[in-house]
Amino acid sequence: MALLSVQNVTMRFGGLLANDQISFDVPQGSIYAVIGPNGAGKTTLFNSIAGALVPTSGAVVFDGQPITGLPQASIASRGLIRTYQLVQLFKDLTVAENVEIGFHRVTRGGVLSALLRPRWAREQDARIAREARELLAFVGLGDQGDLVADKLPYGRQRLLEVARALAADPKLILLDEPAAGLNTQETAALADVIQRVNARGVTVLLIEHDMGLVMKVAQRIAVLDFGKTIAEGAPDEIRRNPDVLAAYLGGVEMIDG
Ligand SMILES: Nc1ncnc2c1ncn2[C@@H]1O[C@H](COP(=O)(O)OP(=O)(O)O)[C@@H](O)[C@H]1O
Ligand SMILES: [Mg+2]
């Protein structure tokens, strides 16, 4: 069954067709990757899926329900959670507090309960603090919870973003170039985390430039170029596809390596 179905999604910015009739299905429980050169339209597509943009035409179906054009918060509350191409953390808060914020969509209360602090709110805070620590341990940041997020090395900030996204208890997690700026070792750690996230039952949709990572973790891949899908299939098919090789010309070594 498809957890996410992208159906003929088109996004036009003035004269630029950033996404042109994009269609693919992300099977429940899978790791699916969208790849393509810079400017191919990957982030735009993510924005249409996550509700940051309303596509010009086409439909997005998540968990059996149309979500096209719904507000981001409404889409997130259905269990579709994204991370950003540029890290977006609360730099002055601690690592653990950044994860605690991620629990927000699944908790009761708000400003009022924070002021009045009824017992259930205090119990909830304690539970969130405990679960945030568990998620940090899960992504390999178990001993860095008390550090100010800004002090965390960049590669670990990306892992922290994953932990925060997991706090929202997603069915589908959208990762926009999570390996950007990571070294080989950090990328390997990230690949491991992505696979373990998936093993928890979370479906993963990944935009990635790092071909090694994609070939390692993804079960299926869609390739975008100039806003169009030029190939879709299993990693072995994609690796050999002449259109894909042409789109990455000058970057062919990324596919081989
Ligand atoms: N809000 C926007 N307004 C106008 N053009 C945009 C906007 N967002 C993206 N674009 C353009 O759409 C194209 C695809 O961009 P993007 O989706 O960011 O590509 P990718 O993530 O694959 O690098 C680019 O030419 C980009 O300049
Ligand atoms: Mg992008």
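**Notebook: strands, a helix and a ligand shell**

I began with strand β3 (residues 31-35), which is joined to β8 by 4 bridges and runs parallel to it. The model is predicted: local features need pLDDT of at least 70, side-chain atom pairs count only at pLDDT 80 or more, and totals for chains, interfaces and linings use all residues. Residues are numbered from 1 along each chain as its sequence is written, chains are lettered from A and ligands numbered from 1 in the order in which they are written, and side-chain values use heavy atoms, with hydrogens and water left out.

I noted the terms for strands next. Helices (H or I, at least four residues) and strands (E, at least two) are DSSP runs, numbered from the N terminus. Two strands pair if DSSP finds at least two bridges between them. Strands of a sheet pair through backbone hydrogen bonds, either parallel or antiparallel.

**Entry 1: around β8**

I looked up the partner of A33 and found L206 in β8. Strand β7 (residues 172-176) also pairs with β8, in the parallel sense over 5 bridges. There, D176 stands opposite I207.

Is β8 buried or exposed? I found 5 of the 5 residues of β8 (residues 203-207) buried, where buried means under 20% relative accessible area, exposed over 50% and partly exposed in between (1.4 Å probe, protein chains only). T203, L205 and I207 point one way, V204 and L206 the other way, and all are buried.

**Entry 2: the open sheet**

I then traced an open sheet of 4 strands, with the order β2-β1-β4-β5 and antiparallel pairing. Its edge strands are β2 and β5, each of which pairs on one side only.

Strands β1 (residues 2-13) and β4 (residues 57-62) are joined by 5 bridges, and Q7 stands opposite A59 in β4. F62 stands opposite Q65 in β5. The hairpin of β4 and β5 has 2 residues between the strands, and D63 takes a positive phi near 55 degrees in it.

**Entry 3: helix α6**

I checked the span of α6 (residues 154-167). Its 14 residues reach 20 Å from first C-alpha to last, close to the 20 Å expected at 1.5 Å a residue; the expected span is 1.5 Å times one less than the number of residues. Because 12 of the 14 residues are buried, α6 is largely enclosed by the rest of the structure. Among the buried residues I listed R158, E161 and R164, as well as L159 and L160.

**Entry 4: ligand 1**

Which residues are around ligand 1? I wrote down F13, L16, A18, P37, N38, G39, A40, G41, K42, T43 and T44, where a residue is near a molecule if one of its heavy atoms lies within 4 Å of it. β2 (16-27) and α1 (42-50) each supply at least two residues of this shell, and α1 gives the largest share, 3 residues.

A polar backbone atom of G39 is 2.7 Å from one, an N or O atom in the side chain of T43 is 2.9 Å from one, and a polar side-chain atom of T44 lies 2.6 Å from one. The protein covers 59% of the 560 Å² of accessible area that ligand 1 has on its own (Shrake-Rupley method, 1.4 Å probe).

Notes:
Polar contact = N/O pair within 3.5 Å; in protein donor to acceptor, adjacent residues only side chain to side chain.
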